[in-house]
Amino acid sequence: TLCLSTSAMGKTTTGQMVNLLSNDVNRFDQVAMFLHYLWVGPLQAIAVTALLWMEIGISCLAGMAVLIILLLLQCCIGKLFSSLRHKTAALTDDRIKTMSEVITGIRTIKMNAWEKSFIDLITRLRRKEISEILRSSYLRGMNLASFFVVSKIMIFVTFISNELRDNLITGSQVFVVVMLFETLRFSSTLYFPLAVEKMSEAVVSIQRIK
């Protein structure tokens, strides 16, 4: 803020810069932790599919189809995260800008007894911001739910498919299949969705900083 010229300060506000530094820049730290899972997750899924094929044959494709549907769904959810992040950031900028103006003119506001009107204004802005944050939280909750549920569904669908094909399966095969699906639990159903989410938000942050 101190290094900006007068013309540059005319194009932005201190509140917006604080929001960029406190929220948007933090997205780059988060995306760095999960970025590699965008390729590690699919690669591990391919390796597990090959091992499952050698173990139980074509029945493994039924369980992997569930995972593929999840990965495609995560791409769609990533677009929603990007849209929600853009709306939230804009609302946050508006709220911080309004708060800065209120603090600057607090003497005038108190002299004219306008406190209630400005409280209502800021409350409305905050409610809009919270509603967008809440929508993002719902999507994160869906991602977290998939971490607990999807691996079990994949195992269930695989064994049902194997049974429908009248294939006998031994206890050792069951153990191997379950363990292989469990190896995908973190990389494909937890870290991959997080990578998509953080990447989408980081792209929005780049656009805002530009």
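Trainee: In this predicted model, is Arg 135 buried, partly exposed or exposed?
Mentor: The relative accessibility of Arg 135 is 46%. Exposed requires over 50% and buried under 20%. Arg 135 therefore falls in between and counts as partly exposed.

Trainee: Which side chain meets Arg 135 in a salt bridge?
Mentor: The two partners both lie in helix H6, residues 115-164, and are three residues apart, about one turn of the helix. The N to O distance is 3.6 Å, and the cut-off is 4 Å. The partner of Arg 135 is Glu 132.

Trainee: Is Glu 132 buried or exposed?
Mentor: Glu 132 has a relative accessible area of 10%. Buried means under 20%, so Glu 132 is buried.

Trainee: What is the relative accessible area of Lys 110, which forms a salt bridge with Glu 115?
Mentor: The closest N and O atoms of this pair are 3.8 Å apart. Glu 115 counts as partly exposed at 30% relative accessibility. Lys 110 is exposed, and its relative accessible area is 52%.

Trainee: How many salt bridges does the rule count?
Mentor: Besides pairs such as Glu 115 with Lys 110, there is a network linking Arg 95, Arg 126 and Glu 129. The count comes to seven.

How values were computed: Residues are numbered from 1 along each chain as its sequence is written. This is a predicted model: local features need pLDDT of at least 70, side-chain atom pairs count only at pLDDT 80 or more; totals for chains, interfaces and linings use all residues. Side-chain values use heavy atoms; hydrogens and water are left out. Buried means under 20% relative accessible area, exposed over 50%, partly exposed in between (1.4 Å probe, protein chains only). Helices (H or I, at least four residues) and strands (E, at least two) are DSSP runs, numbered from the N terminus.
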